[in-house]
Amino acid sequence: MGGRVLKLLVAAAIVIAAPAHAHAGGGRVVGTVTVTGDDGKPIDATGAIVYLTGFSEPAPDAVPTVVQKNKHFVPDLVAITAGQTISFPNADPILHNVFSRSAARPFDLGSYRRGDTKEKSFPTPGVVDVYCNIHPEMAATILVLPNRKFARVAADGTFAIADVPVGTWTAYAFTRAAIKPAQIKVTVTAGADATIHLDLARGVEPAHVNKYGEKYRDPGKYRD
Amino acid sequence: MTRSAALVALALISLEGAAHAGRSHFGWLYDTETVPERGVELEQWLTDQHRQGPTHASETGVWWAPVIGITDQVELALPIEWEWTKSDLSSPRTFLARYGAELRWRLVTSDPVDAPDWVPYVRVAIKKPITETEAAEVDGDLVLSYTQCRWHAVANVGVYGDVHTGDDVWSTRSGAGVSIEVTDELRLGGELYGEKSLAGGSSDDDWVTVGPNLSWTHGRFWVSASYGIGVYNIATAGAPRIKWAVAF
């Protein structure tokens, strides 16, 4: 239930604030993100995503890659713009079956082997949880955002989002297994930096079901 | 917030996708879904017909096959069929009827988001009758489905033949149906189906039926069924067909 509430919060955060037209001559949003673990102690914030909502932009042509390697998705958190496509190559010597049951973008890529790649488009904003039907430990989250203004948090906890249109927007920070996205209002003025700080709390990885909606049964029995 | 953003927000309230309600929503009719690449389903049909022709032929058939996803749009079935038959001209008997191979090709993407409303689909099969050493059975169907919100409709046109040396029998079959989503897992609807001799057969073999159908999916299991009520040349016992499958 908590997972559903979290996804609802994140999804609402993505779509709330309607697509406004971007204003020319923008500024930057810079700042820091801190993440605390489920014991309340600070943990590494590297890889968390900071994104802005309130305006829309067309998707770039780039096709990000989420590799299946060593029975993990790499990276396991990806932000893209609505309309982009993601490539899912299998780099493991075993079959994987990538799927999502998320209402924002359900799909089933079937099982495929090392060297094979499948692509999937993500036309609408939302949160898409991606799993492997064979290996329950494989999990990734795709944030499908309404614009291109997002950034990954660096090892020192900082981030910078350039060319942000002038206006007041909502900034969010999110990481996998976050209890809820952190958010703050930010006002961007032309040619200036708007500095913000976001505190994010990370919980435990939520349980998930296979593509049939069932619990994974005896997960060690048939897999490598 | 614009109207479109509000709609997207509403759509996202249900964040976990519903199970797909069955690979087939029909009993007598073919549908257009396919097994994902390298997926396998064990599929079984049970069919019952009681004809009103002069010989009062009755036939109960069991069709069993693994269905293998070759790609996301092409699947291969390897059916084995058993039959029980009885008529005024022959004693009841149960026998292994035929085996063969069947290729099913969905001509557009199977992706639930990218797929168009109209989906064309082709199937071809060749089978070896067990009781006739120098014969083959071939059949094929063109299927078109249309999906809009909770509604799903199909139309089928097909032909099948018993190919013997100089003694071929050809027939056609066609039908149409509709299926409406009632819950995430359950659909109800109705369908019309008929078969007609083309060459080498007898009009006594022609028949038409119409009736309700349902489909239900639960996890990796799905079942669909239709109970055909006699319209032409089918006895009041009707013409039920039930299909079920388990996915792996």
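Two strands are taken to pair if DSSP finds at least two bridges between them. Helices (H or I, at least four residues) and strands (E, at least two) are DSSP runs, numbered from the N terminus. The structure is a predicted model, in which local features need pLDDT of at least 70, side-chain atom pairs count only at pLDDT 80 or more, and totals for chains, interfaces and linings use all residues. Residues are numbered from 1 along each chain as its sequence is written, while chains are lettered from A and ligands numbered from 1 in the order in which they are written.

Chain A contains one helix and 17 strands. Its mean pLDDT (the predictor's confidence in each residue, from 0 to 100) is 88, and 86% of its residues reach 70 or more. Within chain A, confidence is lowest in helix α1 (residues 2–15), with a mean of 54, and highest in strand β7 (residues 84–89), at 98. Of the 224 residues of chain A, 43% are buried; a residue counts as buried if 20 or more other C-beta atoms lie within 10 Å of its own, as exposed if 12 or fewer do, and as partly exposed in between, with C-beta atoms placed from the backbone. Contacts are defined by C-beta atoms, placed from the backbone, that lie within 7 Å. Among contacts in chain A between residues at least 6 apart in sequence, 68% join residues at least 24 apart.

Strand β1 (residues 27–36) of chain A pairs with strand β17 (residues 193–201) of chain A in the parallel sense, over nine bridges. In this pairing Gly31(A) lies opposite Ile196(A) of β17(A). β1(A) also pairs with strand β14 (residues 158–164) of chain A, in the antiparallel sense and over five bridges, where Val29(A) stands opposite Ile161(A). A further antiparallel pairing, over two bridges, links β1(A) to strand β2 (residues 42–43) of chain A, and Val35(A) has Ile43(A) as its bridge partner there. The hairpin of β1(A) and β2(A) has five residues between the strands, and Gly40(A) in this hairpin takes a positive phi near 85°.

An open sheet of four strands in chain A has the order β13-β3-β15-β16, with antiparallel pairing. Its edges are formed by β13 (150–152) and β16 (182–188) of chain A, each of which has a single partner strand, so one side of each is left without a neighbour in the sheet. The twist averages 20° from one strand to the next, where axes are lines fitted to C-alpha atoms, for helices over the stretch in contact, and angles run from 0 to 180 degrees between N-to-C directions. Within this sheet, β3 (residues 49–53) and β15 (residues 167–174) of chain A run antiparallel and are joined by five bridges; Val50(A) stands opposite Ala173(A) in β15(A).

An open sheet of five strands, with mixed pairing, has the order β6-β12-β11-β8-β9 in chain A. Here β6 (77–81) and β9 (107–112) of chain A stand at the edges with a single partner strand each, so one side of each has no neighbour in the sheet. Neighbouring strands of this sheet are turned against each other by 20° on average, direction ignored. β6(A) runs parallel to strand β12 (residues 139–145) of chain A, to which five bridges join it, and Ile80(A) stands opposite Val144(A) in β12(A).

Chain B comprises one helix and 13 strands. Of its 248 residues, 31% count as buried. Residues 24 or more positions apart account for 53% of the contacts in chain B with a separation of 6 or more.

Definitions and conventions: Contact = placed C-beta atoms within 7 Å.
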